[in-house]
Amino acid sequence: MNRLIPFLCISFIATTICTNAVVAKTRAPDWALPYLNKHSDPFLEDSWYMQAVLFKQAYIEFKEDGSYDTRFRRILYFNKENAIKFARKEFSYFPETDTVKSMRAWVIAPNGKVTRTRMGQLEDNALRRSSIERLHAAKLKFYPEGEIHEGSILIMEATLESTPGRPQIGFQLSEDIPVVQASIKLKLPNGWKATSRTFNHEEINPWVLDNHWKWELKGIPRVQKESNTPGNYSLWKWLDI
């Protein structure tokens, strides 16, 4: 928001008090800065792609009573013109236990200009079960406003607050587009531990320091689904924690 800041204008003829509008320059969030040049990662050099995930992460902080806060972060790079229709993203959430606290997004144009974009909505789904009996009650959907051009970067962040309940977390690593870097981080109360299992990929062992746990995978090829192929969970690389 613009702020009108008074300043003193002094001349050789007269001294007057006037005002000037100062516009704060919109910047990308600090956490995103290390990943904005990942579109030049060698992993993407040999890949034809319309868009790519430069970075995605789920950070989950558990409390002693079993409640937890989740922060989703995601950075998309667009390699084709008029890619706005591909800029949508969904996060699963559970209305009976989860409260959406915030949804924020930024667009970086090819010329480097950064703008905040209004986006996001909550959409209830019919209940459905997958082959591994995961229940998705609703979707947190991002729909960016404005134009997305070739070379644009879209940054998304959402935070949720959850009551005690699910002790099991699924995290999807691969997608139908290339993923340069994906990770999930947990912060657990003292004395807590986590176990994990990796599907459709060799076992990913967590990095552990005190009560912080992190699983990470880089250079994840896109999943090309064809007719008569198995369901997504039979093809995607994912973690069960």
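1. Buried is taken here to mean under 20% relative accessible area, exposed over 50%, and partly exposed in between, with a 1.4 Å probe and protein chains only. By that criterion Trp 238, at 4% relative accessibility, is buried. This is a predicted model, in which local features need pLDDT of at least 70 and side-chain atom pairs count only at pLDDT 80 or more, whereas totals for chains, interfaces and linings use all residues. Residues are numbered from 1 along each chain as its sequence is written, and side-chain values use heavy atoms, with hydrogens and water left out.

2. Aromatic pairs. Rings of Phe, Tyr and Trp (for Trp, the six-membered ring) pair if their centres lie within 6.5 Å; planes under 30 degrees apart count as stacked, over 60 as edge-to-face and the rest as tilted. Six such pairs are found in a search of the whole structure. One of them is the tilted pair of Trp 31 and Phe 55, at 6.2 Å centre to centre with 45° between the planes. Trp 31 lies in the loop between strand 2 (15–22) and strand 3 (51–62) and Phe 55 in strand 3, so this contact ties together parts 24 residues apart in sequence. Strands (E, at least two residues) and helices (H or I, at least four) are DSSP runs, numbered from the N terminus. Trp 31 is buried at 15% relative accessibility, as is Phe 55 at 2%.

3. A stacked pair is formed by Phe 199 and Trp 238, with 4.2 Å centre to centre and 5° between the planes. Phe 199 belongs to strand 13 (residues 197–199) and Trp 238 to strand 16 (residues 238–240), so the pair ties together parts 39 residues apart in sequence. Elsewhere, Trp 31, Tyr 35 and Phe 55 make up one aromatic cluster.

4. Salt bridges. The criterion is a side-chain nitrogen of Lys or Arg within 4 Å of a carboxyl oxygen of Asp or Glu. The structure holds eight salt bridges. In one of them, Glu 61 meets Lys 187 at 3.8 Å, N to O. This pair links Glu 61 in strand 3 with Lys 187 in strand 12 (residues 179–187), 126 residues apart. Glu 61 is partly exposed at 29% relative accessibility, and Lys 187 is partly exposed at 26%.

5. Which residue forms a salt bridge with Arg 73? The partner is Glu 157, with the closest N and O atoms 2.6 Å apart. Arg 73 lies in strand 4 (residues 68–78) and Glu 157 in strand 10, so the bridge ties together parts 84 residues apart in sequence. Arg 73 is buried at 15% relative accessible area, and Glu 157 is buried at 5%.

6. Glu 175 bridges to Arg 74, with the closest N and O atoms 2.7 Å apart. Glu 175 sits in the loop between strand 11 (170–172) and strand 12, and Arg 74 in strand 4, 101 residues apart. Glu 175 is buried at 6% relative accessible area, and Arg 74 is buried at 4%. Salt bridges that share partners join Lys 56, Arg 74 and Glu 175 into one network.

7. Backbone. Asn 200 has a positive phi near 60° although it is a residue other than glycine. Asn 200 is in the loop between strand 13 and strand 14 (207–209) and is partly exposed at 37% relative accessibility. Asp 210, likewise not a glycine, has a positive phi of about 55°. Asp 210 lies in the loop between strand 14 and strand 15 (212–220) and is exposed at 69%.
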